[in-house]
Amino acid sequence: WRRGTRPSKQRLGGLRMLRRQTGHSILRRRRVCTRYMKLHRLARVRRKQLASRGVDSPQSARRVLAVEDADDDDDEEMPQVSSAFFAQGKAFKRGAESSTVCPAATETSVADGTSEKPRRLVTLLPSVFEGRGPVLFFSYTSACGATQRPMQRAVHTGPEVPKMYYAHTDKVHEYNAVINILRQGGLYRLRADSHRWSLLWSNHPPPETLRAIKPCQKTNHFVGSHHLGRKDLIWRNIARMKTRYGAPYEITPEVFILPREMESFDATRSNDPEGLWIWKPCSSSCGRGIKVLSSSIAQEEARELGRKRGIIQRYVPEPLLIDGYKFDLRIYVVVLSYDPLKIYINDEGLVRIATEKYSNSPESLSSRTMHLTNYSVNKQSDKFVQNTDGRGAKTGVEKETKGGALNEEEEGSRAFKWSLAELKEYFKQKGLDYEKMTAGIEDVVIKTCLAVELPLRSEWSKALLQEEEGWSARGENGCHRSSCFE
């Protein structure tokens, strides 16, 4: 072209063909590389999940994957499991009232008598609310070792009921307890990119996922529920309610959000030189990064704290102790709806006990196994004793009941994780009011949920592009305020 000569048609066609072939091959290589990288990441995540379940050999892994891959049944259409279908629950044959067999273990057979792959069957529980359809019922299995739940109201379904599915994404940790209870409860697993699930187990749903949810689908997070999970955000919400309502919202010790409120914290600690403080990252867990400090910390350490994102909270210097050991309670709560507010609190929970006797002296503040009760911290201690759930080892409560106070040898063999039932027995022995404590816990739970309701409602309506509607906002496919739980 520069020489002013026009290339021949044959030459021009060859150049165009070469360009097309080169471009296509580059695109093919790019697609293959991208797919390989995705598969590699998925395989790495899967290997970690299998290792956490004790599957360490390729043969065992193939067997586990073969069973789980059989759950993916993409040839079937998504069953429209609506409230009209659940309303038929009364017509299903009621199972044995005292049965302890998990419905998921039920097998079906073909007409000629030959056995086929076991079919998972869900169990329904009629709603206690008038005009509402039944809900899914999850019974205890023999593997968990617990006394079976009352089965009098449970309705066992048959093979005529459509399969129900769940999806679990890799955006959240895969807990065996979640996977096992869903599988044993009769649900089949789908790939995370499928939309045929009845339950989505993931992190906070993005707006596009929320708008696509159908009335028969649920997900395990409210949009914006990080206002409950992040320590800085939950304090802002509680502080706002405390400013408005005063003393009834004094449900947590004083908090400063760093580095923004570093000057206020410096002024407060200078007025209380004997005070103790605890510093925590905003969104961490398992005791990572937590420090217990006194007001008389060095100036260099104070400047270092002022450069970090976190909260610093007034430390409770004289907590309630179990035979000299600090403990905390893990309470299990589920919020089904904010409008109306529906909160359920489990009767059982965990009591987590530190492995060193408590002291609030400044010299002991660096001892993590004394001041932190996290299982992930204390299980590293040589003194930690696992609770075997009644299979051999005795808790401190059982030993003390039999023979008065614990001696040094018995105290060294006591489990460091209890149930609430064991704590209730301990309170009874010590003359403490267990019912008063549980009433206080319920009060804190309700007030905390009320404190975060305003930002959650705002983010809910914003995600559905109906900012003026609040909890009344609905998605195009039928998503409504009861489509989420927390």
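Where is the place of Pro 340? Pro 340 is in the loop between β13 (325-338) and β14 (341-357), and a cis peptide bond joins Asp 339 to this proline, with omega about 0°. Helices here are DSSP runs of H or I with at least four residues, strands are E runs of at least two, and both are numbered from the N terminus.

Before I go on, a word on the model. It is a predicted one, where local features need pLDDT of at least 70, side-chain atom pairs count only at pLDDT 80 or more, and totals for chains, interfaces and linings use all residues. Residues are numbered from 1 along each chain as its sequence is written, and side-chain values use heavy atoms, with hydrogens and water left out.

Another cis peptide bond runs from Leu 258 to Pro 259, with omega near 5°. Pro 259 sits in the loop between β8 (255-258) and α8 (262-271).

Now to the salt bridges. Side chains of opposite charge can pair when their charged atoms come close. The criterion is a side-chain nitrogen of Lys or Arg within 4 Å of a carboxyl oxygen of Asp or Glu, and a search of the whole structure gives 13 salt bridges. Arg 260 pairs with Glu 261, their closest N and O atoms being 3.5 Å apart. For accessibility, buried means under 20% relative accessible area, exposed over 50%, and partly exposed in between, with a 1.4 Å probe and protein chains only. Arg 260 is exposed at 56%, while Glu 261 is partly exposed at 21%.

Lys 430 is partly exposed, at 40%.

In helix α15, Lys 447 and Asp 443 lie four residues apart, about one turn of the helix, and their side chains meet in a salt bridge of 3.1 Å, N to O. Lys 447 is buried at 16%; Asp 443 is partly exposed at 35%. Glu 254, Asp 272 and Arg 314 are linked in a salt-bridge network.

Let's turn to the sheet. Three strands form an open sheet in the order β2-β1-β3, with antiparallel pairing. Edge positions go to β2 (135-137) and β3 (155-156), each with a single partner strand, so one side of each has no neighbour in the sheet. Strands count as paired if DSSP finds at least two bridges between them; β1 (residues 123-125) and β2 have three. Thr 123 stands opposite Phe 137 in β2.

Next, helix α4 (residues 176-184). Its buried residues are Val 178, Ile 179, Leu 182 and Arg 183. They cover an arc of only 120° around the axis, which puts them on the same side of α4; that arc is taken from the directions from the helix axis to the C-beta atoms. Just after α4, Gly 186 has a positive phi of about 105°.

To finish, Leu 465 is in the segment after α15 (434-463). Its phi is near 60°, a positive value in a residue other than glycine, and Leu 465 is exposed at 66% relative accessibility. Thanks, everyone!
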